[in-house]
Structure formats: C-alpha cells, structure tokens
Amino acid sequence: MREAFTLAEILVVIAIVVIIGSIGLANYKVREKDILNWEAEKVANLLKQAQVYALQARMRELEYETFRPYGYGVFFQSPSLYTFYSDQNEDFRYDEREKIIKYSLSQNIIFGFEPVEENLDILFTLPGARVYLNGRPVEYSIIITLKETTTQREKGVIINPISQGIDIQ
C-alpha cells in the first residue's frame, strides 16, 4: 500500500504543467497581436461596406425609382465606439436616428485620427461615393489610427478619396 508520490512522479507532473502553460502563454501572445490586425480589418471592411452601399443605392434608385439615403457612413467616437449609419436628411452628418448598427473596439484598443478630431464622421455620398469628413467634402487622405494601449502598437486605416481606396497600413 502506497501513501505518497515518488519524486519522479512529481517531476513528471510539474514538467507537463510547465509545457502546457508555455503553450498557452505563447498562444495568448499571438492572439494579442492578432487583435489589432483584426480590429483594423473590421473597421476597413465597414468603411468599404458604406462605400459599396452608397454606390448600390444609386443603382437601385435608377432601377426601381425608390427613395434612397443620401449616403452611408461611419461615425467614430473617441476612444472606441463607432456607428454605421445612413444619411436620411442630406445634412452629410451622423444623427442618432440614422444609426444602423453600433460597434465597439476590443479592450485595450482605441482610435486616433488624422487630421486630429475628437469625433470623426466619414460619409460616402452619391454620385460616385464621394467622401465627406465631418460634413465637408475632402480631397486628401484620412487616416484612422487604431492603437493598442498596452504595447503602444498602431495600425492605420487610410481612406483615399481620389482613388477611392481603403487600405490598412
């Protein structure tokens, strides 16, 4: 009859726990790096969706002669909230009643904007998905920076109104 574990058994258990723990820690660090990339892609895809909706609204209006919004956009609220909306009243700005869906960034990720603004309102209008920034048409690139507060890493989402490209840097 045995009443205790041998030293070898205890060492084997400790080795297994250390190996499993190190694998878990490595996966956690990889996941942490991926969150910033994932959030940047999510923001870029939502901006592309607003751009495409603006273009499709024009086609639907010509085809079906129905009412359409004046544009679709994304309203960014510092530090981590953003809203997809349709401009119903042609003021080229976000109003709470125009909200389609609201999003928030993952924990420890915040927005920064260039040009520097507290809130950022990007709207794509007809014809041709023209870009408006805070109610005014723009001809220069807009950079939305996503910053990880723990590591200070950054990713940028760039909107180029001339080429109509939306890219991640």
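This report describes the fold, strand pairing, aromatic pairs, salt bridges and one surface patch of a predicted model.

## Overall architecture

The protein contains one helix and ten strands. Helix 1 covers residues 7-64.

Of the 169 residues, 34% count as buried. The protein exposes about 10,300 Å², and carbon and sulfur atoms supply 57% of that area. Among contacts with a separation of 6 or more, 52% are between residues 24 or more positions apart.

Strand 8 spans residues 142-148 and strand 9 spans residues 154-160; the two pair in the antiparallel sense over six bridges. Within this pairing, K147 stands opposite E154 in strand 9. The hairpin of strand 8 and strand 9 has five residues between the strands, and Q152 there takes a positive phi near 65 degrees.

Strand 9 also runs antiparallel to strand 10, which is made of residues 165-168, and four bridges join the two. N160 stands opposite G165 in strand 10. Strand 9 and strand 10 likewise form a hairpin, with four residues between them. In its turn, Q164 has a positive phi of about 60 degrees.

## Aromatic pairs

The count of aromatic pairs comes to ten. One of them is edge-to-face: the rings of Y53 and Y72 have their centres 5.3 Å apart, and their planes stand at 90 degrees, which is over the 60 degrees required for that class. Y53 lies in helix 1 and Y72 in strand 1 (residues 71-77), so this pair ties together parts that are 19 residues apart in sequence. Y53 is partly exposed, with a relative accessible area of 30%, whereas Y72 is buried at 9%.

The pair of F76 and Y82 is stacked, because the ring planes are at 20 degrees, under the 30 degree limit, with the centres 5.9 Å apart. F76 is buried, with a relative accessible area of 0%, and Y82 is buried at 1%. These two residues belong to one aromatic cluster that also includes Y103 and F111.

## Salt bridges and the setting of E39

A search of the whole structure finds five salt bridges. In one of them, the side chains of E39 and K42 meet with an N to O distance of 3.5 Å. Both residues lie in helix 1, three residues apart, which is about one turn of the helix. E39 is buried, with a relative accessible area of 0%, while K42 is partly exposed at 25%. Leaving aside residues up to four places away in sequence, E39 touches Y82, L105, S106 and L146. Y82, one of these contacts, is also a member of the aromatic cluster with F76, Y103 and F111.

K99 forms a salt bridge with E96, and the closest N and O atoms are 3.3 Å apart. K99 is partly exposed, at 38% relative accessibility; E96 is partly exposed as well, at 47%. Another salt bridge is formed by the side chains of E148 and R153, at 3.1 Å from N to O. E148 is buried, with a relative accessible area of 4%, and R153 counts as partly exposed at 29%. E148 is within strand 8, which covers residues 142-148.

## A nonpolar surface patch

Which residues form a nonpolar patch on the surface? The patch consists of F5, L7, I10, L11, I14 and V18, and its members together have about 640 Å² of accessible area. I14 is found in helix 1.

Conventions: Residues numbered from 1 in each chain as written. Predicted model: local features only at pLDDT ≥ 70, side-chain atom pairs only at ≥ 80, totals over all residues. Heavy atoms only, no water. Patch = residues over 30% accessible without salt bridge, like charges linked within 9 Å, V, L, I, M, F, W, Y side chains within 5 Å. Areas by Shrake-Rupley, 256 points an atom, 1.4 Å probe, with all protein chains shown as cover. Salt bridge = Lys/Arg side-chain N within 4 Å of Asp/Glu carboxyl O. Buried < 20%, exposed > 50% of the residue type's maximum accessible area, 1.4 Å probe, protein only. Contact = heavy atoms within 4.5 Å. Pairing = 2+ DSSP bridges. Phe/Tyr/Trp six-rings, centres within 6.5 Å; stacked < 30°, edge-to-face > 60°.
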